[in-house]
Amino acid sequence: MVNEKEGKVIKGLGGLYEVKTDGGEVLFCRAKGILKRDEEKVLIGDRVVVRIDDETPDSIVISGILPRKCALIRPPMSNLDYLFIVFAAAKPQPVLETVDKLTAIAYHNDITPVIVITKSDMSRHAADEFASVYKKAGIPTFVTSTQTEEGLSELSEYIKSYVKDGATAAFAGASGVGKSTLMNALFPNLSLSTGEISRKIERGKHTTRHVEIFDIGNGGFLADTPGFSLIDFARFDFFTVEELLPAFPDVMAHGNACRYADCAHVGEGVEDCSVARAKEQGDISESRLDSYRSIYKTLKNKINY
Ligand SMILES: Nc1nc2c(ncn2[C@@H]2O[C@H](COP(=O)(O)OP(=O)(O)O)[C@@H](O)[C@H]2O)c(=O)[nH]1
Ligand SMILES: [Mg+2]
Ligand SMILES: [Zn+2]
């Protein structure tokens, strides 16, 4: 007898996938040949149809991918509703342009970005400075430490009230910032492996190597993802230069009173550009505007083959 079930891909390793069906069981399966090619490759987070053939051994296969809400390259996942962008107050030192690229990718894909600053015990001052940048940008922001337990109950409350009823979220950010440690602290039954920081590179080793989604109860899914250090907008197509401004809603909000209607908000002239004025007045953080301008330049100069 052939039977079909729908479910969500929660893990994939070496071509073997784990699918959590809507009935709650976990199926181990391979993907049908066509679903292994680049464009149609199964992503963690996909809702899929699994075909179960009782008569043939080893024949539980993913036979189709249901339409995606979105698909990301970094982290490699689909159907995200929330992206928790995690970086440390110190060790490793954050690269805010990478953080801002992730917020832009989230906004562009209709995903709610949430900033999570870890290791506040390492630098109180830096943690508070970074938090003020993102609160000013209108992004939900949490300052945490698994050492002092600062912010853990607030973040846990937020996750419980939003990541439920089929919603999917992921923790993303550079390796060594403490994503897995934080997820373990928030959900003690996960027991994810975490890495000691290597002194030389100030990054975690023995860390998360693949995306894995966890059922956190109330129908919510939360993923731990491997770290990455850079997001290359010149090489990969995340969005076009025309799509950049809506991906920075805080910059866009101050761009309505520029002298020229087609102002790109990349010049420093405060007479001409209301975004430049907003920065002077402290209504937009310098680092956010620097990131916007840097990404603008990259996308503008991009050669499309
Ligand atoms: N001081 C301090 N260290 C932390 C904190 N959170 C994680 N770490 C350490 O940072 C290192 C990397 O953590 P891990 O969770 O593996 O990072 P991931 O690569 O982002 O998953 C480990 O040695 C953790 O013990 C924190 O809040 N404070
Ligand atoms: Mg990890
Ligand atoms: Zn302007």
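The protein is divided into domain 1 (2–65), domain 2 (82–224) and domain 3 (241–300), with bounds that come from an automatic or database domain assignment. This is a predicted model, in which local features need pLDDT of at least 70 and side-chain atom pairs count only at pLDDT 80 or more, while totals for chains, interfaces and linings use all residues. Residues are numbered from 1 along each chain as its sequence is written.

**Overall build**
- Taken over C-alpha atoms, the centres of domain 1 and domain 3 are 44 Å apart.
- You will find seven helices and 11 strands in the protein; these are DSSP runs numbered from the N terminus (helices H or I, at least four residues; strands E, at least two).
- The C-alpha trace spans about 75 × 50 × 40 Å along its principal axes.

**Packing**
- Of the 305 residues, 38% count as buried, meaning that 20 or more other C-beta atoms, placed from the backbone, lie within 10 Å of the residue's own.
- Among contacts with a separation of 6 or more, 62% join residues 24 or more positions apart; a contact has C-beta atoms, placed from the backbone, within 7 Å.

**Strand E1 and its partners**
- Strand E1 (residues 2–13) pairs with strand E4 (residues 47–53) in the antiparallel sense over seven bridges, where pairing takes at least two DSSP bridges.
- Asn 3 has Ile 52 in E4 as its bridge partner.
- E1 also pairs with strand E2 (residues 16–21), in the antiparallel sense over six bridges, and Gly 7 has Thr 21 in E2 as its bridge partner.
- Two residues lie between E1 and E2 in their hairpin, and Gly 14 in the turn has a positive phi of about 55°.

Methods: Chains are lettered from A and ligands numbered from 1 in the order in which they are written. A residue is buried if 20 or more other C-beta atoms lie within 10 Å of its own, exposed if 12 or fewer, and partly exposed in between; C-beta atoms are placed from the backbone. Two residues are in contact if their C-beta atoms, placed from the backbone, lie within 7 Å.
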